[in-house]
Amino acid sequence: MTEKNVAPSIEGWFTTGDTPHLIGTQCKTCQTYFFPKQDLFCKNPACRSTEFDEVELSRTGKIWSYTEHYYRPPEPYISGDDFEPYTIAAVELDKEKMVILGQVANGVAHADLTTGLAMEIVVETLYEEEDTERTVWKWKPVTD
Ligand SMILES: [Zn+2]
């Protein structure tokens, strides 16, 4: 048996390793952050910039809202035949103050969450292909 390769389900949206980060962009003119990456023109209506820096967004934030879903998730959250309800958390990043949606980590129940709870980014398996494990970012309560 050989180990499966591990690869992101979606290229260039997050880093991996012990302290994963989402990858966003920041407008060079108005400093607004974007995720997913925005690099054609600034969405700030008061700004006409077309120049952005790629930045690692903060790994932590606080729950702004969360909800349990009973339907199959949209891409990139491909679900298999063994679909189970899952919880999506909307977390406001500590530094950027932008809200990032993500599935909560394996083993975290809807009842474990509360508005304002401190969360961090983790990377977990999203689905498995024959020889590759595809990963995605998820939100997990900060434990230390
Ligand atoms: Zn701008």
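This report describes the fold, the core and some loop residues of a predicted protein model.

Residues are numbered from 1 along each chain as its sequence is written. Because the model is predicted, local features need pLDDT of at least 70 and side-chain atom pairs count only at pLDDT 80 or more, while totals for chains, interfaces and linings use all residues.

**Overall fold**

The protein has zero helices and nine strands. Helices (H or I, at least four residues) and strands (E, at least two) are DSSP runs, numbered from the N terminus. The C-alpha atoms fill a box of roughly 50 × 35 × 30 Å along the principal axes.

Two residues are in contact if their C-beta atoms, placed from the backbone, lie within 7 Å. Among contacts between residues at least 6 apart in sequence, 55% join residues at least 24 apart.

**The core**

A residue is buried if 20 or more other C-beta atoms lie within 10 Å of its own, exposed if 12 or fewer, and partly exposed in between; C-beta atoms are placed from the backbone. Of the 144 residues, 22% count as buried. A nonpolar core is a set of buried Ala, Val, Leu, Ile, Met, Phe, Trp, Tyr and Cys residues joined through C-beta atoms within 7 Å.

The largest nonpolar core has 17 residues, and Leu-22, Ala-89, Val-91 and Trp-139 have the most contacts inside it. At least two core residues come from each of β6 (86-93), β8 (118-128) and β9 (132-141). The largest share, four residues, is supplied by β8. Leaving out residues up to four places away in sequence, Trp-139 touches several residues, among them Ala-89, Val-91 and Ile-121.

**Loop residues**

| Residue | Phi | Loop |
|---|---|---|
| Gln-31 | about 70° | between β2 (23-27) and β3 |
| Lys-97 | about 60° | between β6 and β7 (99-103) |

Gln-31 is exposed because 12 other C-beta atoms lie within 10 Å. Lys-97 counts as exposed, with 10 C-beta neighbours inside 10 Å.

The loop between β3 and β4 holds Pro-36. The peptide bond from Phe-35 to Pro-36 is cis, with omega near -5°. Thr-50 also lies in the loop between β3 (33-34) and β4 (52-56). Thr-50 is exposed, as 12 other C-beta atoms lie within 10 Å. Beyond residues up to four places away in sequence, Thr-50 touches Leu-40 and Phe-41. Thr-50 and Leu-40 are 10 residues apart in sequence and 5.7 Å apart in space, C-alpha to C-alpha.
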